[in-house]
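Please look over the model shown here.

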Amino acid sequence: MRDIKIKKQYAPSDRIFDIIAFIFLALVVIMCVYPFWNIFIISINDATDAIRGGIYFLPRKLSIASYEDILTRSTFLHSILVTVLRTGLGTPLAVLATTALAYVLSRQELLCKKPITLLFIFTMYFGGGLVPYYMVLKNLNMLDHFIVFIFPNLISVYNMILVRNYIEGMPQELFESSKIDGANDLIIFTKIILPLCKPIIMTIALFVAIMHWNSWFDAYLYTNSQSLKVMQSVLVEILNQYQTTAANQAANRAGQSVTPDSIRMAATMVATIPIIMVYPFIQKYFVKGIMLGAVKS
Amino acid sequence: MKKTVTVTVKPVKSVRKRMWEQRYLFLLLLPALVWVILICYAPMSGLYMAFVNYTPKGKGYFADLAQSKFVGMNWFKFFFQTDFLTIMRNTLATSFLTLLFSFPFPIFLAVCLNEIKSARVKKFIQTSSYLPYFISWVIAANIFITFLSSDGVINKILLGLGLTNKEILFFQHGPYFWWIIAVANGWKVLGYNAIIYLAAISGIGQDMYEAADVDGATRVQKIFNITLPSLKPTIIIMLILAIGGILNTGFEQQLLMGNDSILNYSDVLDTYAYRYGLKNGMYSYGTAVGLFKSVVSFILVMGANRISKRFNDNNALF
């Protein structure tokens with residue numbers, strides 16, 4: 001509607017605003033995109049050539065040796081498998097548990113609705129802290145088991161509120177009439193809520209999946225065994241091995257096709273590319289989701 | 001606000017009968033209930049752990065806890081007498097600098113994006129801006145370490161512009177670390193937070209802008225007289241959230257980007273509690289520090305909420 005405005009004289013203040021806005025937006029785009037681009041081009045550049053530096057916008061000498069090296073390392077491949085598994089298993093379970101809770105807390109007739117809701121909301125503002133949490137997980141025998149990735153992340157109260165608000169925004173007669181038709185809450189949940197809440201479910205699924213894909217800290221704290229290493233943990237190890245120029249020059253002299261630096265860049269890209277690929281497609285969902293979150297009840 | 005008023009008088013059902021009617025609801029509630037008790041409430045036993053001298057005796061956490069010697073406020077006293085000032089300085093410095101970077105820019109970004117007419121350009125900028133939000137701290141830390149290294153891009157730019165004549169070793173100077181964390185935090189949430197303001201802007205009635213057009217207002221005048229005042233409630237809520245989280249300066253970023261030589265500046269409440277509580281095995285001490293943080297945070301959130309309620313009833317969080 002605003003583009004059919006009558007052309008009018010630009011006020012000087014608007015000119016200044018335009019210039020500032022342009023510079024600001026350009027800086028934002030550069031700051032948010034360039035680091036990834038820079039790492040990408042270095043990762044596909046020949047490793048020994050890259051040590052010379054000066055690669056800023058385009059690769060100088062193409063080589064995918066770093067990717068070959070890292071993608072043939074069994075530890076890295078295994079960690080990708082663990083990450084894929086925890087994401088693939090953890091996401092649907094978390095979405096199911098969170099949505100079920102949201103549905104229950106959206107029912108007006110629920111007995112003790114207020115105290116039960118408060119029980120969950122309270123945990124957003126107060127917790128026991130890291131050490132007792134660790135101790136409880138230890139007592140539950142969850143440490144160093146795959147379940148430690150899944151169970152603690154089953155519910156996010158914040159996501160639950162998003163879904164609950166969404167359900168409360170749906171016509172409530174829908175549930176009442178299905179009740180009259182003889183449907184119980186389990187049927188309503190699986191047959192009505194899950195299909196009709198698809199947009200918000202996609203949103204929280206995306207958030208949970210990205211959380212699982214990105215998480216490093218819980219694996220670092222709660223697991224020890226090699227077989228449970230997640231991708232981000234291996235990435236941290238690779239990053240820590242990076243011993244600046246000395247190691248690179250040693251590799252250079254040895255005539256290797258990869259350097260610690262090039263491995264670092266390639267590993268970073270392997271962890272990042274899936275996210276970059278997936279999120280433009282689902283972004284309409286999460287923008288909606290964040291907005292729902294902003295317009296809280 | 002839609003409030004339904006039930007007029008029909010229903011016969012009062014007994015609680016037992018209603019429970020039976022809601023058996024499937026409770027079945028759906030069960031997993032969440034188990035989860036919240038085990039994951040959220042069981043760790044609140046830390047309230048007690050902070051007042052005892054907890055030593056694992058191998059009988060399980062709760063049994064050991066019950067048998068631990070009560071020491072009262074000793075752990076808190078110990079904290080206040082030793083590292084409290086340093087840790088609080090670091091926590092608050094990092095936090096306020098983070099606020100400085102992560103608060104005004106998303107608002108400005110949203111306002112700028114709103115002025116862009118081309119939908120494609122707008123979408124491109126938006127999509128770029130929330131990219132950092134979706135990558136892990138491991139990768140973000142890697143990016144910052146790479147770009148701020150002695151032969152990194154930032155140093156090259158600073159040298160090229162003549163702003164410095166020697167490479168700056170960003171990760172060797174303590175106070176720089178506060179700024180690095182603040183910039184990193186701001187960078188990561190910029191686009192994400194802007195969405196919230198954009199949503200609020202899209203809720204502003206077009207009639208106000210049209211009326212302003214008729215009055216011959218310039219764009220800048222419209223921004224200052226319509227857009228920003230309309231954003232006030234959202235800004236207040238975001239500020240409340242930020243104040244409530246003022247002791248949460250981050251955790252992974254500190255561990256991933258910090259190093260031993262600047263520990264005196266990088267250590268914040270969370271990392272300190274982790275280091276002593278889990279790494280060094282001083283469980284009760286780490287818990288006490290964590291509890292101190294939880295209580296202060298809780299008071300901050302509640303206080304901020306009360307203040308905002310006084311301003312405007314609709315702005316409160318709950």
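How many salt bridges does the rule find across the interface of domain 1 of chain B and domain 2 of chain B? The number is 0. The model is predicted, and the sections below describe what it shows.

## Two domains in chain B

Chain B is split into two domains. Domain 1 covers 15-67. Domain 2 covers 72-310. Their C-alpha centres are 33 Å apart.

## The interface between the domains

In chain B, 9 residues of domain 1 contact 9 residues of domain 2. The area buried between these two domains is about 760 Å². Carbon and sulfur atoms give 68% of that area. On the domain 1 side, B:Met49, B:Ala50 and B:Phe51 lose the most area to domain 2. Together they account for 59% of what that side buries.

Polar contacts are present: 5 residue pairs, both members at pLDDT 80 or more, are counted between the two domains of chain B. Helix 3 (46-49) and strand 1 (52-53) of chain B each supply at least two residues of the domain 1 side that touches domain 2. Helix 3 gives the largest share, 3 residues. By type, the residues of that side divide into 7 nonpolar, 2 polar and no charged. A salt bridge needs Lys or Arg on one side and Asp or Glu on the other. The domain 1 side has no charged residues.

## Salt bridges elsewhere

Over all chains, the structure holds 14 salt bridges. One pairs the side chains of A:Lys179 and A:Glu109, at 3.1 Å from N to O. This pair links distant parts of chain A, 70 residues apart. A:Lys179 sits in helix 9 (residues 173-180). A:Glu109 sits in the loop between helix 4 (74-106) and helix 5 (113-122). Side chains of opposite charge can pair when their charged atoms come close.

## Around B:Leu99

B:Leu99 belongs to helix 6 (residues 84-102) of chain B. Leaving aside residues up to four places away in sequence, B:Leu99 touches B:Pro104, B:Ala242 and B:Ile246. B:Leu99 and B:Ala182 are 83 residues apart in sequence. In space, their C-alpha atoms are 7.7 Å apart.

## Confidence

Chain B averages a pLDDT of 89. In that chain, 94% of the residues score at least 70. For the complex, the predictor gives an ipTM of 0.89 and a pTM of 0.89. Where pLDDT is low, the predicted coordinates should not be read in detail.

Definitions and conventions:
Residues are numbered from 1 along each chain as its sequence is written. Chains are lettered from A and ligands numbered from 1 in the order in which they are written. Side-chain values use heavy atoms; hydrogens and water are left out. Domain bounds come from an automatic or database domain assignment. Contact means heavy atoms within 4.5 Å. Buried area is the accessible area (1.4 Å probe) that two parts lose on being put together, summed over both. A salt bridge is a side-chain nitrogen of Lys or Arg within 4 Å of a carboxyl oxygen of Asp or Glu. A polar contact is a pair of N or O atoms within 3.5 Å; within protein, one must be able to donate a hydrogen and the other to accept it, and residues adjacent in sequence count only if both atoms are side-chain atoms. Helices (H or I, at least four residues) and strands (E, at least two) are DSSP runs, numbered from the N terminus. Ala, Val, Leu, Ile, Met, Phe, Trp, Tyr, Cys and Pro count as nonpolar, Asp, Glu, Lys and Arg as charged, and the others, Gly among them, as polar. pLDDT is the predictor's confidence in each residue, from 0 to 100.
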